[in-house]
Amino acid sequence: MVKNRGKHDAQGSHKGAESKNKLDDDLDALFSLPLAEFTAARNVLAKQLKQSGRGNEADFVKSLGKPSVSAWAVNQLFLNERAAFDRLIAAGDRFRLAQTSRTRNVADMRSSLDARRDELAKLSDLAAEFLRDTGHNPTPDILHRITTTLEGISASASLDDAPRPGRLTHDVDPPGFESFASLIPSAGITGKQPARNAFQQKSAPVVSNTQRKTEPAAERRQLEDKRRADRAAVKASLQEAKSLLSATRTRAQSLEAAQKKANAEAKEAELQTRDAEKSFKEAKAASEAAAQLARSIALEVKEAAKTAHDAQSNVEKITKELELMFREPLKRG
């Protein structure tokens with residue numbers, strides 16, 4: 001009996017895994033749809049799951065909210081530009097690894113921040129292009145929310161409760177300054193002191209000058225190096241945030257200028273269309289008048305031809321009569 005039960009449990013587990021994989025495929029298909037089709041497709045999928053006896057999955061699907069335009073765009077980047085997305089995550093992972101390592105290599109932290117910033121800019125450009133291609137307006141606000149969502153995903157990718165890219169329904173908050181500080185245990189900006197310092201505070205609240213002088217030189221140098229690395233890490237994080245802000249503002253100004261130019265071109269095209277319509281109407285009226293004149297002249301030509309024909313006939317008739325008149329006296333003589 002135990003053997004049979006184990007076989008039954010294994011079959012159940014296999015079916016459960018198949019069901020989960022099928023739901024994952026259905027969700028990927030749902031979130032890859034055009035945004036306007038999301039709600040109707042979600043309701044259809046929930047209904048199908050409920051009819052097939054998968055009530056819990058149906059309730060979960062029904063609870064999914066329609067993504068915002070910015071969240072939807074990030075989902076499409078994850079589903080369609082996976083290589084660029086993975087490079088962003090990898091750059092964030094390298095930054096966290098460099099920050100939490102013992103050596104605290106500032107050069108590694110700086111290079112990973114630069115790589116992360118470059119990937120954010122590339123993905124933002126891809127998102128703007130994708131939004132235009134799908135009929136959405138990539139406004140500066142939407143692009144800003146896309147960038148901050150990508151930044152938030154990159155910063156929290158290694159966490160257990162990290163948002164799942166590809167199935168976002170709302171924007172993800174960007175990492176704050178405290179998020180960077182939490183990765184630097186001894187930076188002194190989180191309000192927490194290293195364990196060793198806390199122990200020292202409990203065991204020796206007051207440190208005399210004599211005790212400081214007797215502290216090993218190597219340990220002092222190590223602490224000083226650590227402090228310098230911490231300050232460099234914080235400065236690098238701050239510089240990265242400033243650079244990102246500057247790039248976002250520059251892009252927003254560029255987009256606003258492009259929008260103004262597009263509006264001006266649209267107005268000019270509208271004026272040209274009106275002028276063309278006016279010219280077309282005038283040309284059409286002139287054409288109709290010319291056609292009417294041509295018809296009138298054709299009638300006059302026809303009448304003139306008839307008159308000429310009648311006159312020709314009359315001339316011929318009179319000519320014959322004259323010939324007869326001139327011939328009669330000759331006959332009498």
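View 1. Helix H7 has 17 residues and reaches 24 Å from its first C-alpha to its last, close to the 24 Å expected at 1.5 Å a residue; the expected span of a helix is 1.5 Å times one less than its number of residues. The model is predicted: local features need pLDDT of at least 70, side-chain atom pairs count only at pLDDT 80 or more, and totals for chains, interfaces and linings use all residues. Residues are numbered from 1 along each chain as its sequence is written, and side-chain values use heavy atoms, with hydrogens and water left out. Helices (H or I, at least four residues) and strands (E, at least two) are DSSP runs, numbered from the N terminus. Twelve of the 17 residues of H7 are buried, so H7 is largely enclosed by the rest of the structure. Buried means under 20% relative accessible area, exposed over 50%, and partly exposed in between (1.4 Å probe, protein chains only). Among the buried residues of H7 are Ile 142, Leu 143, Ile 146, Leu 150 and Ile 153.

**View 2. The crossing of helices H4 and H7.** The axes of H4 (residues 69-80) and H7 (residues 140-156) cross at roughly 55° and come within 9 Å. That makes H4 oblique to H7. Axes are lines fitted to C-alpha atoms, for helices over the stretch in contact, and angles run from 0 to 180 degrees between N-to-C directions. Angles under 35 degrees count as roughly parallel, over 145 as roughly antiparallel, 65 to 115 as roughly perpendicular and the rest as oblique. From H4, the residues Val 69, Ser 70, Ala 73, Val 74 and Leu 77 meet Ile 142, Arg 145, Ile 146, Thr 149, Leu 150 and Ile 153 of H7, where contact means heavy atoms within 4.5 Å. The residues of this contact of H4 with H7 divide into eight nonpolar, two polar and one charged. Here Ala, Val, Leu, Ile, Met, Phe, Trp, Tyr, Cys and Pro count as nonpolar, Asp, Glu, Lys and Arg as charged, and the others, Gly among them, as polar.

**View 3. The contact of helices H4 and H6.** The axes of H4 and H6 (residues 106-133) come within 10 Å and cross at roughly 110°. That makes H4 roughly perpendicular to H6. Val 69, Trp 72, Ala 73, Gln 76 and Leu 77 of H4 make the contact with Leu 123, Leu 126, Ala 127, Phe 130 and Leu 131 of H6. By class, the contact of H4 with H6 has nine nonpolar residues, one polar and no charged.

**View 4. Helices H2 and H3.** The axes of H2 (residues 38-51) and H3 (residues 55-62) cross at roughly 170° and come within 7 Å. H2 and H3 are therefore roughly antiparallel to each other. In H2, Arg 42, Asn 43, Leu 45, Ala 46, Leu 49 and Lys 50 meet Gly 55, Glu 57, Ala 58, Val 61 and Lys 62 in H3. The contact of H2 with H3 comprises five nonpolar, two polar and four charged residues.

**View 5. The surroundings of Asp 173.** Asp 173 lies in the loop between H7 and helix H8 (177-182). Asp 173 is exposed, with a relative accessible area of 66%. Not counting residues up to four places away in sequence, Asp 173 touches Thr 148 and Gly 152. Both Thr 148 and Gly 152 are among the buried residues of H7.
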